[in-house]
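Hi everyone, thanks for coming.

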Amino acid sequence: MSEAYRTTAPSPRTAAEAAQLVATALNWIPRVDLEGIFEFYNFPTSSLPAASSNHLLTSLPAGVQFVLNTLPVNVNCIGDGDGFTAYIAIRDDPRELANVPQEVYEMLTARTKARIRRDYWSADTLRSTLEKSGYKIIICSGNEILARKYRIRLRGVDAPELKMPYGKESKNALVKLIGGKSTKIYVYGQDQFERYVGDIYCDTVFIQEEMLRNGHAWHFKNYDRRPEFSAWERKARAARKGLWASRNPEKPWHWRRDERNERHGTIEWETLFAKVIACFVAVAERLFMGGILLARRNLLKLAILLGLMELVIIFMEQ
């Protein structure tokens with residue numbers, strides 16, 4: 001609060017202006033607590049920001065668990081053509097506001113105190129710890145706000161991976177659609193990688209539709225059977241748009257499967273090679289023991305034979 005007062009120009013002169021300063025500086029705490037502070041200091045509650053009702057929908061599409069209204073999406077948070085990281089302002093989402101862990105509020109309070117005493121090392125450490133817990137302090141319109149991190153996966157589409165042909169073009173297409181803009185996400189659940197899978201809207205544009213219509217992604221039929229998705233893909237394919245300019249583009253799920261198999265094969269060969277080296281070391285030790293200590297040709301032959309037998313056994317096990 002002291003820091004907010006020092007940096008406010010001009011300084012508040014009325015109770016209403018002071019209340020507005022308090023509301024802005026403490027926008028990260030639950031509204032009910034903020035109301036208690038206003039009541040204690042006899043501040044006019046009319047200075048409190050209106051409670052948001054954007055998320056209190058009377059009905060949701062079938063299967064939707066909840067809705068997210070994101071802050072503008074940072075272009076650096078868009079990983080490829082079907083996934084990105086989004087942040088939700090805690091103060092604007094009653095569902096998020098009700099679920100912030102107490103330790104997060106404690107870290108925020110400790111960070112504010114550290115900054116007041118100019119202990120910036122401690123403040124930065126607390127900020128890093130906060131981000132590891134899934135929350136982040138974001139500057140928005142000159143004010144710090146608390147936001148929660150969400151990893152998002154576009155539902156029903158599969159874009160080329162970045163290392164694949166057309167992978168970068170697909171990512172750039174998504175950047176043009178949502179980069180620097182707020183989005184509305186209808187969340188249906190989480191996938192095996194703990195990403196939130198949902199339908200994405202930006203400026204009333206259905207993002208999956210745009211990606212499919214322009215050939216920037218495949219319809220992921222294994223996980224989504226919506227007929228309109230198949231129709232959009234067919235039209236893009238017929239018009240040779242985007243990735244369909246290639247006569248036989250590789251399917252992303254096939255590419256990932258081959259990559260996994262290749263990595264698995266590499267690991268197997270590395271393991272086998274390590275076993276062979278260990279066997280050669282064992283053979284050398286036997287040769288040394290048979291030739292130096294016992295100095296008998298028959299024992300030397302036996303040592304070589306034992307080593308070769310170990311190699312054969314290993315290869316048979318493979």
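**Strands, cores and confidence**

Let's start with strand 1, residues 66–69, which pairs with strand 7, residues 184–190, in the antiparallel sense over four bridges. Pairing here requires that DSSP finds at least two bridges between two strands. Strands (E, at least two residues) and helices (H or I, at least four) are DSSP runs, numbered from the N terminus. In this pair, Asn-69 stands opposite Lys-184 of strand 7.

This is a predicted model, where local features need pLDDT of at least 70 and side-chain atom pairs count only at pLDDT 80 or more, while totals for chains, interfaces and linings use all residues. Residues are numbered from 1 along each chain as its sequence is written, and side-chain values use heavy atoms, leaving out hydrogens and water.

Back to strand 7: six bridges join it to strand 8, residues 196–202, again antiparallel. Gln-190 stands opposite Tyr-196 in strand 8. The two strands form a hairpin with five residues between them, and Glu-194 in the turn has a positive phi of about 65°.

So what sits inside? The largest nonpolar core has 28 residues, and Leu-68, Phe-84 and Ile-152 are among those with the most contacts inside it. By nonpolar core I mean buried Ala, Val, Leu, Ile, Met, Phe, Trp, Tyr and Cys residues joined through side-chain atoms within 4.5 Å, with buried meaning under 20% relative accessible area (1.4 Å probe, protein chains only). Helix 7 gives the largest share of this core, four residues.

Finally, confidence: pLDDT, the predictor's confidence in each residue from 0 to 100, has a mean of 82 for the protein chain.

Notes
Buried < 20%, exposed > 50% of the residue type's maximum accessible area, 1.4 Å probe, protein only.
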